Structure formats: structure tokens, C-alpha cells
Amino acid sequence: MRTAYSVETVRAAERELMARLPEGALMQRAAAGLAAACAGRLRRTRGGVYGARVVLLVGPGDNGGDALYAGARLARRGAAVTAVPMDPERTHPGGSAALRAAGGHLARAVPQRADLVLDGLLGIGGRGGLRPAAAALVERIPPGVPVVAVDLPSGVDADTGEVAGPAVTADVTVTFGAYKPGLLIDPGASRAGAVHLVDIGLELPSPQVEALQHADVAGLLPEPTATSDKYRRGVVGIVAGSAQYPGAAVLAVAGALRGGAGAVRYVGPAAEAVLARYPETLIGPGRVQAWVVGPGLGEGRAGEVAELLAGDAAVLVDADGLRGLDAAALRARSAPTLLTPHAGEAAALLGVSRESVEAGRLDAVRMLTQRYGAAVLLKGSTTLVASGGAAVRVNPTGTPWLATAGSGDVLSGLTGSLLAGGLSGADAGAVGAYLHGLAARRVGGPLLAQQVAEALPDAWQDTRHP
Ligand SMILES: NC(=O)C1=CN([C@@H]2O[C@H](COP(=O)(O)OP(=O)(O)OC[C@H]3O[C@@H](n4cnc5c(N)ncnc54)[C@H](OP(=O)(O)O)[C@@H]3O)[C@@H](O)[C@H]2O)[C@@H](O)CC1
Ligand SMILES: Nc1ncnc2c1ncn2[C@@H]1O[C@H](COP(=O)(O)OP(=O)(O)O)[C@@H](O)[C@H]1O
Ligand SMILES: [K+]
């Protein structure tokens with residue numbers, strides 16, 4: 001499991017550790033890790049540190065201090081290091097002195113010839129959009145030169161991944177002590193590049209955000225045993241499709257057949273199309289452990305949704321099923337319930353704009369789980385899964401090629417199948433999104449939704465091999 005912590009949590013752990021260490025020790029640990037990562041990068045790109053031209057963008061706080069001390073270490077190894085302070089009156093004094101003593105120097109303008117740029121403008125102390133002095137330095141980063149962000153790319157909100165205005169786009173982010181949510185959640189995650197964690201010895205409580213990895217998923221997947229039969233493995237029912245959208249039913253069934261349930265039942269007007277493609281499908285009402293309702297349902301079928309929600313099987317509500325949901329009915333349920341909106345559907349459920357959901361995905365998914373009393377999977381770039389007050393799960397797999405009609409139907413079938421296999425709403429959502437994203441990466445792009453479904457068994461097997 002990869003875990004991420006809010007600024008408040010990191011600050012508290014930092015205070016606790018600092019009280020037990022000599023002054024400045026943590027910053028030296030951070031700078032040593034940062035310099036090592038930069039040296040590694042320079043070795044790969046130009047054969048070594050000696051003679052490399054390194055530019056430091058230096059902000060007024062400790063983030064700038066980290067950059068200056070790391071710059072001093074690189075200067076001692078023969079790099080030509082130039083630091084450009086955002087505010088020359090407010091620059092980490094110890095760091096500036098160390099850099100000068102190591103042979104580096106400070107400048108007013110950003111040199112345009114460089115082998116590496118360190119973004120040490122703002123770390124976890126950054127608030128709001130970059131102020132003009134910081135934005136002006138970011139604008140002067142020479143194009144094509146690799147950028148290493150110190151702790152996080154300046155302009156990215158550490159707690160949410162929100163980006164208000166200009167921000168640094170890094171090739172690598174060297175982060176200290178713990179991942180921050182903004183490094184895992186878009187739009188921030190896309191600005192961070194490859195994230196490298198430097199252990200500085202912080203002791204941390206439970207995380208605010210987490211991301212499953214192969215071993216976590218393999219541990220949650222429902223595998224059949226010698227005593228399994230198709231009913232014990234779980235039956236998933238799909239209520240999807242309409243005369244207008246029969247394909248949604250076929251794609252949801254395609255996902256459900258590869259999600260580990262023992263049988264897939266289809267209820268709706270697209271039975272012929274479903275059977276033509278998947279003769280394995282059971283047709284018509286019957287007992288199930290989990291329902292998937294919504295893909296391609298069209299309008300005027302809220303009654304079917306309400307009826308399923310009144311029952312005691314697990315229910316996944318997607319797409320058209322999400323229209324006019326009754327929060328009180330959802331809150332009254334005791335079986336697992338999972339809502340799987342994309343940003344537009346989430347916006348409608350919250351009564352806000354789609355843009356605000358996309359800009360603040362973490363807040364949106366937390367508000368949805370609170371308001372509807374259900375687990376919520378918010379689809380899109382860096383899919384999030386929230387359930388009650390537990391850590392929000394961010395999906396680390398996936399590809400923008402998934403932004404294609406029908407891929408969400410495959411996801412809902414797959415995830416419903418996992419619910420039928422006995423996973424909780426949050427686990428089914430996180431594991432479903434993970435496999436779906438892994439399968440899509442295997443296909444590459446451009447991809448068809450049905451290819452994603454077909455690649456699911458291979459993705460499932462991949463999770464067993466770390
Ligand atoms: N935590 C740990 O364990 C460790 C932390 N370490 C390091 O410390 C970093 C945190 O340092 P920090 O607290 O000094 O804050 P930092 O990010 O440098 O920024 C604050 C300064 O920026 C300014 N400013 C704010 N917003 C702005 C904006 N939008 N645009 C422009 N300016 C803005 C703000 O100005 P003010 O608001 O005061 O006017 C203030 O001067 C952390 O990320 C990590 O690198 C490691 O050394 C060791 C272990
Ligand atoms: N930019 C993106 N990056 C990664 N995944 C994306 C992106 N946009 C959409 N997706 C994924 O593609 C799928 C689309 O689902 P959805 O919007 O319900 O489409 P549809 O209703 O056509 O099936 C979801 O799994 C979503 O997370
Ligand atoms: K930074």
C-alpha cells in the first residue's frame with residue numbers, strides 16, 4: 001500500500017521528530033536524499049555530476065533551504081550551481097552560506113543553459129496560486145531541461161492536488177518523509193512526474209489517502225477454492241441497457257463475466273444482444289448477491305433503481321441509475337452500496353459544476369460519501385474511492401485512452417462482480433478500478449471498451465507478480 005498524508009499530519013510528525021534531533025538534522029536528511037536523486041539523474045543523462053550546470057529556483061521558506069543545501073552537495077561534487085532566489089531578502093541564510101562555501105553562486109536571472117533545474121520555490125508551505133514573483137521564475141525555466149521538484153511541484157496544493165494558475169511540471173519529484181495526497185491525485189499528480197520518496201524517519205499515524213499496489217489487490221481478489229461452486233462464488237445481476245443503448249448491457253456483462261463471480265444474470269430489454277455475445281449469461285430475475293444498475297438504462301427507470309435499493313443485496317449504481325437518487329433511501333440500507341459517477345454525474349449529485357468537481361476531486365468524493373452514506377467511486381483521471389471517514393483510495397493504474405465510450409460500463413460490471421464475490425463497496429471499487437486500469441494499459445491505445453474487458457483475466461494474473 002502506498003500511503004499519503006496531509007500537511008497537518010506531516011507537520012505534526014516533523015515537530016515530534018525535530019524535538020529529538022539536533023537542529024537542522026531533518027533538512028540535512030532531506031537535502032542528502034535530494035542531492036543523491038539529482039546525481040543519479042545527472043549520471044543517467046550526462047554521465048556524471050562533474051561539470052553539470054544546475055539551476056536552483058529558491059523560494060523564501062524551508063523548501064528553498066532544501067534546494068540550497070542539495071545544491072551545495074552537488075557543487076562539492078563539481079557541478080556549476082546557480083541559485084535564483086524568488087525574494088533575495090528572504091532566502092534561507094544557512095543554505096545560501098553553504099552553497100557559497102561550496103563554490104556555488106546566487107543570481108537574479110534564470111540561466112538558460114542548464115542540465116538540471118531544481119524547483120525549490122514552494123513545498124508544503126505553499127498556499128493558493130503562485131504569486132507573481134514565483135510565477136515569473138517558473139515561466140523562465142528553460143524548455144526541454146529536466147526539472148526535479150523539491151518535495152512537490154510548486155503551485156500544486158499538497159493536500160488536494162488542486163492547481164490554481166501556473167505551476168511547475170516536473171520530470172521527477174523528490175518528496176520527504178511521506179507522499180502528499182497532491183502527488184497522487186490529478187491535476188497535481190500529472191505535474192509531479194516520477195515520485196521518489198526520501199525516508200527522513202517520520203513516524204506517521206493513519207493516512208488520509210492510499211493507493212493499492214499489486215500485492216494488496218491480489219490479497220483482496222476473490223479466488224475460488226476446492227469447495228467453491230458457482231453460487232458460493234456469488235451471482236451478479238446486471239440491470240442495464242435499453243432499446244437505445246443495448247451495447248451498455250453487453251459491455252457491463254463483459255466486465256461482470258471477468259470479475260470473479262460464479263454467474264452473471266441479466267435483466268432488461270437487451271437480453272438478445274447479451275446472449276448473442278455471451279451465452280454464459282443467465283437471463284431474467286432471480287437471486288443475486290449484488291446488482292449493477294444503470295449503464296445505458298435511459299430515462300424513466302428510476303423505479304427499478306429504487307426497487308433494488310430497497311432490497312438486501314449489495315447494489316452498484318452507475319450512469320443513468322444515478323439520476324434523482326434518494327439520499328435517505330441510500331442511507332437506510334445495510335448491504336454494501338457503491339455509486340460510480342464520472343465528474344458530470346458527481347456534479348449533478350452534489351448540485352455543483354462539473355469544473356469544480358474536476359478541480360477538487362478529493363473534496364467532491366468525500367462530500368458524496370458523506371451525503372449519500374454509500375461508498376463512492378469517482379471516475380476520471382486518477383479515479384478516487386471513498387467510504388465514510390476512511391482513507392480515500394486513489395487508483396494508480398489506468399490511462400487516458402480509457403476515456404472512450406463504454407469503458408465505464410465494463411468497469412461497473414467488473415466491480416459489481418467483485419461485490420458479488422463478497423468485497424466491501426470500497427474494496428470492490430478500488431480493486432475494480434485497479435484491474436480495469438491495468439487491463440487498459442495492457443491493451444495500449446487507441447482501445448475499445450470490449451478489449452479492456454478481454455484483457456481483464458491477464459490483468460488479474462499480473463497482480464500476483466509484484
Ligand atoms: N515537513 C518536514 O518534515 C520537512 C520539511 N522540509 C522542507 O520544508 C518545506 C516546508 O517549508 P516551509 O514551511 O518553510 O514552507 P515552504 O513550502 O518553503 O513555503 C513557505 C514560504 O513560501 C511563501 N509562499 C506561500 N505560498 C506562496 C505562494 N502561493 N506564492 C509565493 N510564495 C508563497 C510563504 O510566504 P508568506 O506566506 O510567509 O509570505 C513562505 O515564505 C517542505 O516542503 C520541505 O521541502 C525538509 O527540509 C525537512 C523535513
Ligand atoms: N483522462 C482520463 N484518464 C484516465 N482514465 C479516464 C480518463 N477519462 C476517463 N477515464 C476512465 O474511463 C472510464 C469512463 O467511464 P464513463 O465516463 O462512465 O464512460 P462510459 O459511460 O462511456 O462508459 C472510467 O473508468 C474513467 O475512470
Ligand atoms: K517545490
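Predicted model: local features only at pLDDT ≥ 70, side-chain atom pairs only at ≥ 80, totals over all residues.

Reader: Where in the fold does Lys 379 sit, and which residues does Lys 379 touch?

Author: Lys 379 is in the loop that joins strand E16 (375-378) to strand E17 (384-386). Setting aside residues up to four places away in sequence, Lys 379 touches Thr 340, Pro 341, His 342 and Gly 408.

Reader: Is Gly 408 buried or exposed, and where is Gly 408 placed?

Author: Gly 408 belongs to helix H16 (residues 407-420). Gly 408 is buried too, as 26 other C-beta atoms lie within 10 Å. With residues up to four places away left out, Gly 408 touches Asp 318, Ala 319, His 342 and Lys 379.

Reader: What does UniProt say about Lys 379 and Gly 408?

Author: An unreviewed UniProt entry gives the feature "binding site" at Lys 379, Gly 380, Ser 381, Thr 382, Thr 383 and Gly 408. They're spread over 30 residues of sequence but cluster in space, with a largest C-alpha distance of 14.0 Å.

Reader: Now the ligands. Which residues come nearest to ligand 2?

Author: There are 18 residues around ligand 2, and His 342, Lys 379, Leu 402, Ala 403 and Gly 408 come nearest. H16 has the largest share of this shell, with 4 residues. By class, the shell around ligand 2 holds 6 nonpolar, 10 polar and 2 charged residues.

Reader: And how many residues surround ligand 1?

Author: Ligand 1 is surrounded by 27 residues, the closest being Glu 14, Gly 61, Asp 62, Gly 123 and Gly 125. Helices H1 (7-18), H2 (25-46) and H3 (62-76) each supply at least two residues of that shell. H3 gives the most, with 4 residues. The shell around ligand 1 splits into 12 nonpolar, 9 polar and 6 charged residues.

Reader: Which residues does the other "binding site" annotation cover?

Author: In the unreviewed UniProt entry, that annotation covers Asn 63, Asp 119 and Ser 154. They span 92 residues in sequence, yet no two of their C-alpha atoms are more than 9.7 Å apart, so they gather at one spot. Asp 119 is in strand E5 (residues 116-120), and Asp 119 is buried, with 31 other C-beta atoms within 10 Å. Ser 154 lies in the loop between strand E6 (147-150) and strand E7 (172-176). Ser 154 is buried as well, with 27 other C-beta atoms within 10 Å. Among the contacts of Asp 119 is Ser 154.

Reader: What about an exposed residue, such as Ala 97?

Author: Ala 97 lies in helix H4 (residues 93-101). Ala 97 counts as exposed because it has 12 C-beta neighbours inside 10 Å, and a residue is exposed at 12 or fewer.

Reader: Last one: how do I read helix packing?

Author: You describe two packed helices by the angle between their axes and the distance between the axes. Here, helix H17 (residues 425-443) and helix H18 (residues 449-462) pack at about 105°, with axes 7 Å apart. H17 and H18 are therefore roughly perpendicular to each other. The residues in contact include Leu 435 and Leu 438 of H17 and Val 452 and Trp 460 of H18. By class, this contact has 10 nonpolar, 2 polar and 3 charged residues.

Conventions. Residues numbered from 1 in each chain as written. Chains lettered and ligands numbered in written order. UniProt positions renumbered as here; feature names shortened; annotations may be inferred. Contact = placed C-beta atoms within 7 Å. Buried ≥ 20, exposed ≤ 12 C-beta atoms within 10 Å, placed from the backbone. Axes fitted to C-alpha atoms, helices over the stretch in contact; angles between N-to-C directions. Parallel < 35°, antiparallel > 145°, perpendicular 65-115°, else oblique. Nonpolar A, V, L, I, M, F, W, Y, C, P; charged D, E, K, R; others polar. Near = placed C-beta within 6 Å.
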